Amino acid sequence: MNANRNSDEPIVPSTPTNKDAAEASAESVEGRGSAKRNTDQPASDRTQRRTPPSRSGLDSVREAARRNPQLRFTALLHHVSEEALLGAFYDLKRNAAVGVDETTWHEYEQDLEARLADLHGRIHRGAYRPKPSLRVWIPKADGRERPLGIASLEDKIVQQALLWILNCIYEQDFVGFSYGFRRFRCQHDALDALTTALVTKRVNYVLDADIQGFFDAIDHDRLLEFLSLRIGDRRVLRLIRKWLKAGIMEDGEWSASQVGSAQGSVISPLLSNVYLHYVLDLWVHWWRQHHASGDVVIVRYADDFVMGFENRPDAEACLAAMRDRFADHGLTLHPDKTRLLEFGRFAAANCRQRGEGKPETFDFLGFTHVCGRTRRGGFIVWRLSMRKRLAASLLKVKQLLRKRINWRLGEVGRWLRSVAQGWLRYHAVPGNSIRVRRFLHALGRLWLQMLRRRSQRASRRWTWTRMVRVLRRYLPTPEILHPYPEVRFRARLKARAV
């Protein structure tokens with residue numbers, strides 16, 4: 001591994017990452033310990049096949065990136081070996097949708113050794129050419145559609161192998177309040193961090209921000225410029241440029257991709273994190289150090305982020321500066337979905353003094369956040385399942401139940417129990433018990449409607465009293481499965497500090 005230093009042209013303000021002594025101030029606002037602790041954890045994997053090959057080589061990359069945040073890696077492509085490609089192939093989902101090549105995982109597995117040897121050779125002699133992504137549209141909860149780009153199988157393999165390498169570098173750089181698409185971090189970690197910050201810090205105003213069409217607005221040249229701050233291997237940068245410029249295939253017609261990164265590709269989440277790391281994360285840290293007069297907190301999950309401010313002038317100044325910052329990098333805050341609202345321990349009292357109703361709420365990662373009070377009168381943030389998401393989930397269950405109208409009672413019961421358990425694993429958080437019970441009750445009503453539609457005799461036979469006995473047998477009980485956010489947040493920090 002060859003490396004050299006290049007710190008002559010900083011693209012962002014001179015701001016430390018979460019690697020040195022200054023990281024304590026960077027992370028203290030969120031009420032969490034040093035994010036550097038994340039990098040010291042053993043890289044345990046869920047399954048053996050998910051273990052990246054050549055671990056000793058990747059460990060050297062990780063350690064070098066951790067020691068020197070300004071280091072540029074000039075020799076990385078050799079880590080994309082046949083062994084790495086083999087591990088990447090077995091890491092892919094076997095039943096994933098196919099791209100424009102129409103090659104399935106099982107078809108590619110035939111004569112796999114020869115195929116990977118050929119792919120490895122094309123990569124290292126510069127003959128590898130990625131195929132355009134296949135455009136598909138999936139419905140969103142609000143009725144709109146989200147564009148996805150399905151890469152070909154070989155492109156997925158190469159992207160996964162390179163992703164392992166780049167993660168070793170950028171996991172040492174990413175700041176503590178960034179949670180999306182990162183190892184050992186999930187949505188509930190971000191939710192816990194946000195709730196803890198809102199309760200423990202002096203937050204009186206919340207900026208609920210939404211980046212308009214983020215994945216479709218990423219500037220390719222800026223992204224490659226950001227990547228070149230750490231990646232000095234031109235062959236790796238050339239690979240990434242090829243993926244960005246491969247284009248989109250929709251209805252048999254190819255279109256060029258001048259900006260944006262296709263959602264759904266293996267490497268797109270990392271590229272988006274790198275882009276926002278330099279455009280937003282480091283900038284926010286620099287801004288609150290040099291311009292904020294009070295507490296400022298931020299939690300980001302992918303392109304969705306929430307900021308909390310102690311003082312309204314700080315919030316308004318930060319929002320104005322952020323609009324300019326985003327405009328310089330090809331991004332735009334959604335004019336309708338970006339809101340600055342009063343939120344915190346004094347919000348309810350201030351609203352009463354002004355003769356207004358309850359304080360405004362905001363949505364984040366599927367939950368509506370509401371100002372509340374404990375039994376002892378302390379401030380607390382209640383997290384309720386979003387009404388639109390709840391209605392969309394029930395509508396989807398209703399459609400699937402219609403397809404199972406002729407299934408046996410036990411088969412439908414076991415299927416519906418798995419659906420309910422999956423929903424509860426995410427939504428059964430403290431304070432959300434009313435909507436948990438409402439969801440399970442609605443499932444029972446939908447199932448009863450389906451049973452009554454079988455025949456006129458079934459319509460008379462299936463009463464709600466009889467249905468309740470069936471529901472007790474098959475559906476889980478409405479109970480809270482997650483601990484309080486402050487408890488789990490502190491426990492996670494303590495575990496990482498050991």
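In helix α3 (residues 82-91), the buried residues are Ala-84, Leu-85, Gly-87, Ala-88, Phe-89 and Asp-91, where buried means under 20% relative accessible area, exposed over 50% and partly exposed in between, with a 1.4 Å probe and protein chains only. This is a predicted model, in which local features need pLDDT of at least 70 and side-chain atom pairs count only at pLDDT 80 or more, while totals for chains, interfaces and linings use all residues. Residues are numbered from 1 along each chain as its sequence is written, and side-chain values use heavy atoms, with hydrogens and water left out. Helices (H or I, at least four residues) and strands (E, at least two) are DSSP runs numbered from the N terminus.

**Helices α3 and α6**

- The buried residues of α3 pack against α4 (105-109), α5 (112-124) and α6 (153-170); contact means heavy atoms within 4.5 Å.
- Ala-161 is located in helix α6 and counts as buried because its relative accessibility is 2%.
- Leaving out residues up to four places away in sequence, Ala-161 touches Val-80, Ala-84, Leu-85 and Ala-88.
- Gly-87 and Ala-161 lie 7.7 Å apart in space, C-alpha to C-alpha, with a sequence separation of 74 residues.

**Strand β3 and its partners**

- Strand β3 (residues 133-139) runs parallel to strand β6 (residues 248-250), joined by two bridges; strands pair if DSSP finds at least two bridges between them.
- Ser-133 is opposite Ile-248 in β6.
- With strand β4 (residues 145-150), β3 pairs in the antiparallel sense over six bridges.
- Ile-138 has Arg-146 in β4 as its bridge partner.

**Strand β9 and its partners**

- Strand β9 (residues 304-309) is largely enclosed by the rest of the structure, because five of its six residues are buried.
- Strand β5 (residues 205-210) is antiparallel to β9, with six bridges; Ala-209 has Phe-305 in β9 as its bridge partner.
- Strand β8 (residues 296-301) is also joined to β9 by six bridges and runs antiparallel to it, with Tyr-301 opposite Asp-304 in β9.
- β8 and β9 form a hairpin with two residues between them, and Ala-302 in the turn has a positive phi of about 60 degrees.

- Not counting residues up to four places away in sequence, Met-307 touches Tyr-205, Val-206, Leu-207, Val-284, Val-296, Val-297, Ile-298, Cys-318 and Met-322.
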